[in-house]
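Dear colleague,

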Amino acid sequence: MPRNITSVWVLLASITLGSRPANVAAAPICANGQARCRVVSLANLFDRVIQHSARMHGISNDLHSEFEQYFVPSRNHIGRVSRNCHTSALLTPNGKENAQRIAREELTEVILKLLLAWRDPLWHFHQITAHQHDLANFSSDKALEMSDMVHELRKGVEKVAQKMQTLGMISNSVSALSSPEDLLPSESGEWRLMKDHELLYCFRRDSDKIQNYLKILKCRIVPEHGC
C-alpha cells in the first residue's frame, strides 16, 4: 500500500513546542546519536510524541462527532453503539492509578500494541470512505491522516523506547514489539465486523488512552520536566 509518509522525526520536529516552533535541522533526529543524526533529550522526545498523540486524538474526536452528526440517523441509534472494540482483547490499565502501578516496560508495550492494532483498521476505513460518494469528501482525508499519524506515532514511541533502553531505564524486552504479526489483534479480523461509527468510537477511546499513557510514562521517567 504505497503512501507518502513523511519521516517521523521531520514530522514531529515541526510540531510547536509550547509557544515557539521547534527548530528543524538538516540532519535527521535520532534517539542514540547515530552517525549524521542530532541527538535530542528523552524529555524532548516525550514532548514530541505526546503532542503528536494529542493532535491525533483531536482529529479522531472531531471525525467521530461529525460522523454522528451527519451520518447516524438518530440519537437512539448512537446509544446502541457496541462497546466491544477489537482492542478489548488487549489488557490495558484502567485509570491513572493503575497505569502508574504497572512496570515501565509493560506500559510502553501497551502503547505500542494499541498503535499496532489500529494500523489495518484505519487504512481499511480510509479505503471504504474513499469509494463512497457521500463520505469521500467528508471523512476520507481525515481517515488517511489518522492512519498515517498512527504509523508515525508508533515509530516515535519506538524511538522513545530505544532511548529509555540506552539510558538503562527499561529492559530490552520491548524490542520484540518490532514484529507486529506477534501482537496484532486486528489480524483476527474482528474489526471488519464493526460499523463505521463503532470503529470511530473505538479509535477515539484508544487514542485517548494512548495520549494519557504517554503522559503518565513521561512523568514516571522524567518527572522533573513538566510533571
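The structure holds seven salt bridges, a salt bridge being a side-chain nitrogen of Lys or Arg within 4 Å of a carboxyl oxygen of Asp or Glu. This is a predicted model, in which local features need pLDDT of at least 70 and side-chain atom pairs count only at pLDDT 80 or more, while totals for chains, interfaces and linings use all residues. Residues are numbered from 1 along each chain as its sequence is written, and side-chain values use heavy atoms, with hydrogens and water left out.

One of the salt bridges joins the side chains of E145 and R55, at 2.7 Å from N to O. Because E145 belongs to helix α7 (residues 133-166) and R55 to helix α2 (residues 42-71), this pair ties together parts that are 90 residues apart in sequence; helices here are DSSP runs of H or I with at least four residues, numbered from the N terminus. E145 is partly exposed at 27% relative accessibility, as is R55 at 44% (buried means under 20% relative accessible area, exposed over 50%, partly exposed in between, with a 1.4 Å probe and protein chains only).

A further salt bridge links R119 and D120, whose closest N and O atoms are 3.1 Å apart; R119 is partly exposed, with a relative accessible area of 30%, whereas D120 is buried at 19%.

The side chains of E97 and R101 also meet in a salt bridge, at 3.7 Å from N to O. Both residues lie in helix α4 (residues 96-101), four residues apart, or about one turn of the helix, and both E97 and R101 are exposed.

Best regards

Definitions and conventions: Helix = DSSP H or I, 4+ residues; strand = E, 2+ residues; numbered from the N terminus.
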